Amino acid sequence: MNNRDFYRRTFSQLHPSKTVKWEEMQQMTQAKRTKRPLSRLVPLAAVIGLLALLGGTAVAVNFLGLRDALLPRQQEVDVIDPDTGLMVPGEKTSVDVISLSGFAGTPESKALAEWKDFLEGYDRDRAILDSVGNTIDPVLFEKYGCYGVYTREMGEKLEEIAGKYGLTLHTDLIDLYQHPEALGPLADFGKDQETYWTYMYEDGGCHFDGYAYVEGWGLVDVQFQRSVKGTFNEVTLSVVDAAEYQEWSYKTASGVEVLLAMGPGKSVIMADLPDSFVVFNVFIGTDGEMTRERLEAVADCYDFNLLTPVQKPVLEEKPVQQRLYETPREAYAAVLWELWSTGKLPDGSQTEFYGEDGVMELNQFAVYDVDGDGEEELIIGYTNTYTAGQRGYVIGYDANGAVNPVRIELQEFPMFTFYENAVMVGFSHNQGLAGDALWPYYLYYYNSADDVYELIATVDAWDKSLRDTDYEGNPFPDEVDKDGDGVVYYIRAAWLNEKAEAVDGETYRNWLLNEVGEMTERKIPYQAMTEENIRALTHEPLPIYPHTMPAG
């Protein structure tokens, strides 16, 4: 992943909480889905179309369909190998793209189409973005932080397009977990369903992930997006083939007429309200167990009348709390001292061995800018315990006003190898078939926008010299081992649950070069976790913890 991928996947798509391959979107047959973490984002096949003008409490419409929401040009996307989950180098495919802010002909849709055309021809070789690296221009971020802008030229073009169509730009993104009061009447939208609100713009545009309960069937995974009219939004939805969707108009239990559409791998609910454009992604489609009746039941789970008129978010003023630590080193010293004195690890769990140098000095730590963001991090290797209890941490410092500025960027088994934009984390044990050819590992990529490490793959190997069949009796895949060295590799993308397919050494090395680069290892200046070394981090006094060594 690079910065451009991150910008586009974060700001330019309505995407699922789980990465999904294009091929999977045409083959999914699951009837139900449970709530998933929000860490993995990818392009997705979906649908849209729709309607609506308010009349009293109900909505009357001039029916519009899926094709009325299409942008003029198709979007070129990468082809993913269904066996390995990896991008096929040099292979692309084109898909239809839908605006999530209005139908074709509206100012919002016209502006979006023009912006996408500009992006299609801008920085195609990624040279500008590569030169930007992990540094985000604070002036650009202040003005265009809600958009995928990383140069002044892009910012000027965005301003030009928005002005041409009489649209305003977003100025703020509100974390609804921190500010649930910003929801206003939307707090009751789907109140009997599982709803995880994530963010709201200053104009009332918002998003949630969650699931609806359909009686007699079960839980249905959904996403919701509201785009307020009059503001430029660059969110889109990719469609494999608009002609594959069945669509019809339906009046919900709340009296609002919506467009329902079912396609391969997913279904969609849409409403074109007087002051906003609303979309539900429903992650079950015609190749699963979705039916017209079930999709109508999902739509009936929500009171669409609460969506209009749009109310802008109002935030409560909260009393200013004094920060616990004023400098990173002061904070890191406090974390280490609590661990040394009480055995409390940074994640809040408790270890059994602490309280004197004879025990703690066998662990190690470092204060070093390991992720290259210009700020020092605290790296902890807590290893003086049984294997299952060993812990490794990368801890950052939030300089933007948090009361407790300490945050965990990575928590794993403490076998770290750091690179410029990634870290390999070795398995706690190597008891498989890799032998000396490879110590199995997890590969994490540094996400500079969120200042965390994200798991992208698990890597293992099979050395034929150990045994020529695996534990299930399957023979070594000689046909895959093109270089004939008796070793094949298994790369499983983090978002895939199925077993990885074997690849040869050249494929593995090319993949690793693409993900990590030139493999320049960062040398970490570790030191022993002694009382003296901890106290040397800060001039501030450290707290006194009453403690005794555990008996035995």
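Begin by selecting arginine 391 together with alanine 388: a polar atom of the arginine 391 side chain lies 3.0 Å from the backbone oxygen of alanine 388. The model on display is a predicted one. Arginine 391 belongs to strand S16, which covers residues 391–397. Is arginine 391 buried or partly exposed? Its relative accessibility is 25%, so arginine 391 counts as partly exposed, since buried means under 20%.

Next, display the surroundings of arginine 391. Beyond its neighbours within four places in sequence, its contacts are Leu345, Ile380, Gly381, Tyr382, Glu412 and Pro414. Leucine 345 is 46 residues away in sequence, yet the two C-alpha atoms are 8.5 Å apart.

Now move to the open sheet of eight strands, ordered S5-S6-S7-S8-S13-S12-S11-S10 with antiparallel pairing. Strands S5 (173–175) and S10 (246–251) are at the edges; each has a single partner strand, so one side of each lacks a neighbour in the sheet. From one strand to the next, the twist averages 25 degrees.

Within this sheet, select strands S6 (residues 194–201) and S7 (residues 206–214), which are joined in the antiparallel sense by six bridges. Methionine 200 has cysteine 206 of S7 as its bridge partner.

Then select helix H7 (residues 292–299). Helix H7 lies across S7, S8, S10, S11, S12 and S13, and runs at about 135 degrees to S11.

Finally, show the entire chain, with its 11 helices and 24 strands. Of its 552 residues, 52% count as buried.

Conventions
Residues are numbered from 1 along each chain as its sequence is written. This is a predicted model: local features need pLDDT of at least 70, side-chain atom pairs count only at pLDDT 80 or more; totals for chains, interfaces and linings use all residues. Side-chain values use heavy atoms; hydrogens and water are left out. Helices (H or I, at least four residues) and strands (E, at least two) are DSSP runs, numbered from the N terminus. Buried means under 20% relative accessible area, exposed over 50%, partly exposed in between (1.4 Å probe, protein chains only). Contact means heavy atoms within 4.5 Å. A polar contact is a pair of N or O atoms within 3.5 Å; within protein, one must be able to donate a hydrogen and the other to accept it, and residues adjacent in sequence count only if both atoms are side-chain atoms. Two strands pair if DSSP finds at least two bridges between them. Axes are lines fitted to C-alpha atoms, for helices over the stretch in contact, and angles run from 0 to 180 degrees between N-to-C directions.
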